[in-house]
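Me: I have just opened a new protein and would like to learn how to read it. Could you walk me through its features?

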Amino acid sequence: MSAAPKASPPVFHPVSAPDYLPTPQLRELQLMRLKAIVARGWDRVPLERKRMEARGLTPEHIASLPDIAKLPFTVKSDLRDTYPFGLFASPMEEIVRLHASSGTTGKPIVVAYTQQDVNVWTSVMVRSFAICGLHHGDVIQNAYGYGLFTGGLGAHYGGEGLGATVIPISGGNTDRQIMVMKDFRVTAICSTPSYFLHLIERAAQLDVDIRELPLRAGVFGAEPWTEGMRKRIEALTGIRAFDIYGLSEIIGPGVAVECPHQDGLHIFEDHFYPEIVDPDTGAVLPDGEEGELVLTTLSKFAMPMIRYRTRDITSLIAEPCPCGRSLRRMRRIGRRSDDMLIIRGVNVFPSQVEAALLEVEGTLPHYQIILTRRHGLDQMEVQVEVTAESFSDKIGALEQLNDKIADAIEHVLGIRVLVTLVEPHTIQRSEGKAKRVIDKRSQS
Ligand code: DLL
């Protein structure tokens, strides 16, 4: 059988109709749903009611969309403090699914879904895939982890809902992933971008050229990745790489996704109301300004989230997208308000390091940032894997590469950091979210 063509014509999937709602109608729908969800929180979630009462608010005070700014925020620690079920707005008998997110410390946070919530989740995932040009007949390799993580089952239901063939392979076992991709004639893949990069590398070692396979699209998310990383993935494989965003607290994957214009992610505003706030003051910022994304679930029954502070930093794009969807877009999430490192007084985000590395030929974008403390001062080392070809070069060439990388990072960050080149395949690969920062400061 000859390889299928990589490009496919855009398909208008009937489920995409809500993407094109005229803006006034969309706003009307949002307001109607917002009022209902605030009333549900007031009636059924004691913490919500207590906080509204403390501000002298009742659900009747929400008469327009901007009134949302009167409502109190919800933060991650609210989910921890009420662990496991304290924020549920439905009795357990109506809850058909629980997921949990581990976070970095202590107890996980638990999220719940009624059947109706699972249906909404499926519908936004179906719309996400349809926006990326996937359709009935596609074969989707779902390499997001199955289990308490929302990635696996979220993409699974979405793929089936679309009418595609889903391969529930989950993360890991890379050689088998490559065999399946080839033998099952996979046309689309879902995984974290860092895991897909690993897969590309392994395929090359096994002499499998992804460009020769029918694979046409990747729907990547669950961790920050840069435009440079997208270009690298697309160049190495010939696929289109789309960014998908979501978080457990809101629903899982399927909050926002890129369209083929790949210029910002369309937010499914009919189900999730976005605001951008100043991370320090909480003040609402206008469209176009960068700040923390705050999301309100407009239709979630089991666990409504009102003004949830995501900690993800982005801005909203109000200008219409050439694709014609009325859903507003957000810029790709490059960083979180809590992943900022302060090195010698300079604010550093891991994604800036990634962007710098991708400017330099001869490196793979596999990297890790090691933080230590010496004489009370934070030190940052960037370990970078070089390609096998560069590694076999003369010492002088490697030294030059090291300098180039240090220069590229200095250009972006404004400070010189220690760069260590390491052999290919020495930085640990993750099957899910990559761990970019190793913090040894408390040990030094
Ligand atoms: O990561 C849900 C998901 C699964 C999204 C699969 C996309 C694909 P959590 O484990 O709760 O849920 O982690 C949510 O991951 O607040 C962001 O900081 C980060 N994140 C998710 N998607 C992206 C993305 C899932 N496309 C947290 N770009 C979020 C950057 C992302 N960061």
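Reply: Let's begin with contacts, meaning heavy atoms within 4.5 Å. Among the protein's contacts with a separation of 6 or more, 65% join residues 24 or more positions apart. This is a predicted model, where local features need pLDDT of at least 70, side-chain atom pairs count only at pLDDT 80 or more, and totals for chains, interfaces and linings use all residues. Residues are numbered from 1 along each chain as its sequence is written, and side-chain values use heavy atoms, leaving out hydrogens and water.

Me: How many helices and strands does the protein have?

Reply: Both are DSSP runs numbered from the N terminus: helices are H or I with at least four residues, strands E with at least two. Here there are eleven helices and 21 strands. The radius of gyration, taken over C-alpha atoms, is 23 Å, close to the 22 Å from the globule rule (2.2 Å times the number of residues to the power 0.38), so the protein is as compact as a globular protein of 444 residues.

Me: What share of the residues count as buried?

Reply: Buried means under 20% relative accessible area, with a 1.4 Å probe and protein chains only. In this protein, 55% of the 444 residues qualify.

Definitions and conventions:
Buried means under 20% relative accessible area, exposed over 50%, partly exposed in between (1.4 Å probe, protein chains only).
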